[in-house]
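Subject: Handover of a structure and notes on its contents

Dear colleague,

Please find the structure below, together with its sequence.

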Amino acid sequence: MKLERHSKIVELIGKYEIETQEELARLLQDAGFQVTQATVSRDIRELRLTKASSENGKQRYMVMQSGDSFSDKYIRVLRDGFVSMDMAQNILVVKTVAGMAMAVAAALDAMHFHEIVGCIAGDDTIMCAVRSVDDTILVMEKIKKLIAV
């Protein structure tokens, strides 16, 4: 049950800009999990979630990898290598600078977008399998926000 709840928390914070434990608890309850604020607080600690500023300036929960904000290292790789992107149903095709596809795909994988099932990289092209067409559009919007300077 805890593993399912943790998985749902990661999915929810990837999908929504969640600012408070109460908001997260409500979304978990809406998803069928019986939780208290104490449970949510413990889950946040166990998942090592942190708050970071979102595009609109508000604070939101995010998953951080080994203490590094992906908004530094991985976004830099994404910005340096990104050329364009397009979608074919639930497949996101990302074009990169020649020789950068593997690095950009690794950066996308490290960001742990819930919507992306996996990436395959060539020399200058990445194919990302995305869960649905709607999720593909969502991922494209997230990437656009990340690479905006």
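A polar contact is a pair of N or O atoms within 3.5 Å; within protein, one must be able to donate a hydrogen and the other to accept it, and residues adjacent in sequence count only if both atoms are side-chain atoms. The side chain of K142 reaches the backbone oxygen of G14 at 2.7 Å.

This is a predicted model, in which local features need pLDDT of at least 70 and side-chain atom pairs count only at pLDDT 80 or more, while totals for chains, interfaces and linings use all residues. Residues are numbered from 1 along each chain as its sequence is written, and side-chain values use heavy atoms, with hydrogens and water left out.

K142 is located in helix α6, residues 133-147. Helices (H or I, at least four residues) and strands (E, at least two) are DSSP runs, numbered from the N terminus. Is K142 buried or exposed? K142 counts as buried because its relative accessibility is 17%; buried means under 20% relative accessible area, exposed over 50%, and partly exposed in between (1.4 Å probe, protein chains only). Not counting residues up to four places away in sequence, K142 touches G14, F113 and E115, where contact means heavy atoms within 4.5 Å.

Two strands pair if DSSP finds at least two bridges between them. Strand β3 (residues 82-88) pairs with β4 in the antiparallel sense over six bridges, and S84 stands opposite K95. β4 also pairs with strand β6 (residues 125-130), in the antiparallel sense over five bridges; here I91 stands opposite A129.

Two positive phi values

Most residues other than glycine have a negative phi, and most peptide bonds are trans. Q89, however, has a positive phi near 60 degrees. Q89 sits in the hairpin of β3 and β4, which has two residues between the strands, and is exposed, with a relative accessible area of 58%. H112 is not a glycine either, and has a positive phi of about 55 degrees. H112 lies in the loop between α5 and β5 and counts as partly exposed at 48% relative accessibility.

Helix packing

Which residues of helix α5 (residues 101-110) are buried? They are A101, V104, A105, A107, L108 and A110, and these pack against α4 (73-81), β3, β4, β5 (116-121), β6 and α6. Y74, found in helix α4, touches A107, A110 and M111, not counting residues up to four places away in sequence. Y74 and M111 are 37 residues apart in sequence and 7.5 Å apart in space, C-alpha to C-alpha.

Helix α2 (residues 21-30) packs with helix α3 (residues 37-47) at an angle of about 105 degrees, with their axes 9 Å apart. Axes are lines fitted to C-alpha atoms, for helices over the stretch in contact, and angles run from 0 to 180 degrees between N-to-C directions. The two helices α2 and α3 are therefore roughly perpendicular to each other (65 to 115 degrees). Their contact is made by Q21, E22, L24, A25 and L28 of α2 and by Q37, V40, S41 and I44 of α3.

Technical notes
Angles under 35 degrees count as roughly parallel, over 145 as roughly antiparallel, 65 to 115 as roughly perpendicular and the rest as oblique.
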